[in-house]
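Hi,

Here is the structure I promised to pass on.

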Amino acid sequence: MRKTHPIRRAVLAGAATVSGIVLLLSLKPASDPASAAGSAAPQQTAAAQEAAQGGSADRAGTVTGDAVRTQYGPVQVRLTVSGGKVTDVEAVQAPSGGRSTQVTETAVPRLNRAALATQSADIDAVSGATYTSSGYKQSLQSALDKMEKAAGGADAGDSGTGGSAEAGGAPEGGGSAEAAERTVTGETVTTEYGPVQVRITVSGGKITAAEAVQSPSGGQSTRINGNAVPKLNAAAVAAGSADIDAVSGATYTSNGYKQSLQSALDQAGG
């Protein structure tokens with residue numbers, strides 16, 4: 001029987017050892033499954049929390065006000081709302097054509113910035129764009145009213161105890177409809193010097209605020225109405241009716257104001 005040479009046996013043994021090591025290394029996983037699962041878990045948890053909270057929307061959405069007709073064309077305002085606040089304002093309709101385009105391009109951005117800054121329709125008209133400003137403010141107010149109504153409905157739905165008295169009719173004492181604060185805009189009354197239109201806020205059956213959303217302007221009219229309108233507003237709140245005195249030197253505006261105020265009261269049921 002032929003014997004294997006000692007050196008040959010050593011070479012074969014070494015080759016077998018190297019082959020075994022290479023095989024073991026090839027079977028070792030590229031990464032630790034436990035550590036991979038651990039790193040993925042926080043991401044999955046964060047995503048799940050975001051989904052449960054509704055993501056980043058936070059009751060975000062848009063609200064579009066009523067389209068208001070003006071002498072030069074319709075004006076309509078749209079709000080972007082997030083977290084109960086107005087985050088963006090734009091006029092989706094505004095007068096255009098001829099000089100109106102130039103006026104609108106100047107006035108609307110200013111009105112947008114003012115509305116965003118004040119978070120209300122209590123903004124100043126832009127000089128030279130009285131009709132557009134007035135229509136803008138009316139549409140903006142209607143959008144804000146819709147926003148407030150939507151927020152109130154969401155809150156009632158979330159409360160769980162929800163206002164069953166409201167859903168089922170007038171609550172005990174019968175004062176729900178009277179106590180609710182709302183805004184009513186009277187008809188536009190045309191006067192010799194321009195239109196007059198009054199908006200009132202009514203709460204508990206009383207006028208809590210009054211403002212002229214339209215009044216004659218330009219030249220001497222601006223000065224006269226700058227003095228007369230605040231007096232008429234204060235008189236309307238104090239009297240709680242359209243039975244107020246005309247302001248001396250502003251007879252036409254006063255008469256138009258009283259007519260528009262009365263139409264607003266008629267709508268409010270007062």
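Helix H8 covers residues 251–268, and its end C-alpha atoms are 26 Å apart, which agrees with the 26 Å that 18 residues should span at 1.5 Å a residue (the expected span is 1.5 Å times one less than the number of residues). This is a predicted model, where local features need pLDDT of at least 70, side-chain atom pairs count only at pLDDT 80 or more, and totals for chains, interfaces and linings use all residues. Residues are numbered from 1 along each chain as its sequence is written, and side-chain values use heavy atoms, with hydrogens and water left out.

Among the buried residues of H8 are Thr253, Gly256, Tyr257, Leu261 and Leu265 (buried is under 20% relative accessible area, 1.4 Å probe, protein chains only). The buried residues of H8 pack against strands E5, E6, E7 and E8 and helix H7. After H8 comes Gly269, with a positive phi near 80°.

Now the pockets (open sets of points on a 1 Å grid, with protein on both sides within 12 Å along at least five of seven lines; lining residues have an atom within 4 Å of a point). The largest pocket holds about 830 Å³ of space. Its lining has 37 residues, with Ala125, Thr130, Tyr131, Ser215 and Ser217 nearest the centre. H7 gives the most to that lining, 7 residues.

The second largest pocket has a volume of about 710 Å³ and 22 lining residues, with Gln141, Asp145, Arg182, Thr183 and Thr201 nearest its centre. H4 supplies the largest share of this lining, 6 residues.

Cheers

Methods
Helix = DSSP H or I, 4+ residues; strand = E, 2+ residues; numbered from the N terminus. Buried < 20%, exposed > 50% of the residue type's maximum accessible area, 1.4 Å probe, protein only. Contact = heavy atoms within 4.5 Å. 1 Å grid on protein atoms, 1.4 Å probe; cavity = no way out; pocket = protein on both sides within 12 Å on 5 of 7 lines; lining within 4 Å. Points joined across faces, edges and corners; volume = space filled by probe spheres on them.
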